[in-house]
Amino acid sequence: MLPEFDRFVPEDVEFSNVTFTPENVMKVMRKLKNKTSCGPDGLPSILFRKLASHLAIPLSLLFNNAISVGKIPDDWKKAIITPISKGGLASDVCNYRPISLTSVACKIIERVIVQHLLSYLSLHRLISRQQHGFLLHKFTTTNLLETMNDWTLAIDSRDGVLAAYIDFAKAFDSVSHPKLYHKLQGYGISGSVLAWIKDFLSARTQCTRVGDSVLNIEYLVSGIIQGSCLGPILFVLYINDIVQMFDECCTCKLYADDLKLYMCISSHDCTSTFQK
């Protein structure tokens, strides 16, 4: 059973289609990095960047057909997982972050969709202003500056500050797809775009590569694709309404899945409220 989730936009407001032009496809390709490493399809990003002027038209036609039917090629759903160390004991698998090496062509269509999606979300002010991750003109520094300002004002007022830092275990990997689709509809994302996102996340496979060794292929049943272009913004929408859980006296700051809560303490009652 899906949880209740009120629609954030009127019924006549929706984001249901994306039009790919040779111009916006070429613009994305020219910003690709000059890397020679290949995805599962064997095509490196440097190839698309060097041939951008020749590939822009056929790729725009391919992308428009893909979005119109809400499907992507099966080869674009494959990923090679590269474990990146987060520090700590090297023999502990929990100290590694999985990064997906996916098809460059799929990343191009993702980036165009993300550009249009962010414009839609910004136009209708659907993203919480407390979110600082994966958004234009928002960074870890903007998160820290806003926090520092609030704490400085509290100190000037001779108030204390209570803070709590919350880390969600395997946040990106544990996203429920049905709940994600339910929330996307609440933000007005529908039609061929929603159908394409569903196909993008379904029936995905991945294998882990360490050095020259490749492990068995596994099927994904949940989670957002780390290392993709669309995955981060989908997670931002998934966690976006968490700020509504807290009272106005409790401030919430987000950077993707990193959650920081704090409250200015002027009496014992404030401490009890924050603990609750």
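The crossing of helices α1 and α4 is right-handed, a crossing being right-handed if the near helix is turned clockwise from the far one by less than a right angle, and left-handed if anticlockwise. The contact is made by Asn24, Val25, Val28 and Met29 of α1 together with Ile108, Arg111, Val112, Gln115 and His116 of α4, where contact means heavy atoms within 4.5 Å. By class, this contact has five nonpolar, three polar and one charged residues; Ala, Val, Leu, Ile, Met, Phe, Trp, Tyr, Cys and Pro count as nonpolar, Asp, Glu, Lys and Arg as charged, and the others, Gly among them, as polar.

This is a predicted model, in which local features need pLDDT of at least 70 and side-chain atom pairs count only at pLDDT 80 or more, while totals for chains, interfaces and linings use all residues. Residues are numbered from 1 along each chain as its sequence is written, and side-chain values use heavy atoms, with hydrogens and water left out.

The axes of α1 (residues 22-29) and α4 (residues 104-123) come within 9 Å and cross at roughly 110°, the axes being lines fitted to C-alpha atoms, for helices over the stretch in contact, with angles running from 0 to 180 degrees between N-to-C directions. The two helices are therefore roughly perpendicular, a term that covers 65 to 115 degrees, whereas angles under 35 degrees count as roughly parallel, over 145 as roughly antiparallel and the rest as oblique. Helices (H or I, at least four residues) and strands (E, at least two) are DSSP runs, numbered from the N terminus.

Helix α3 (residues 52-69) also packs on α4, at an angle of about 70° and with the axes 11 Å apart, and α3 passes α4 in a right-handed crossing. Here Leu59, Phe63, Ala66 and Ile67 of α3 meet Ala105, Ile108, Ile109 and Ile113 of α4, a contact with eight nonpolar, no polar and no charged residues.

Turning to the strands, β3, β8 and β7 form an open sheet in that order with antiparallel pairing. Strands β3 (160-167) and β7 (251-255) stand at the edges, each with a single partner strand, so one side of each is left without a neighbour in the sheet. The twist averages 20° from one strand to the next.

Some strand pairs, which require at least two DSSP bridges, are listed here.

| Pair | Sense | Bridges |
|---|---|---|
| β7 and β8 (residues 258-265) | antiparallel | five bridges |
| β1 (residues 78-85) and β4 (residues 205-210) | parallel | four bridges |
| β1 and β2 (residues 96-101) | antiparallel | six bridges |

Lys253 stands opposite Lys260 in β8, Lys78 opposite Thr205 in β4, and Ile80 opposite Leu101 in β2.
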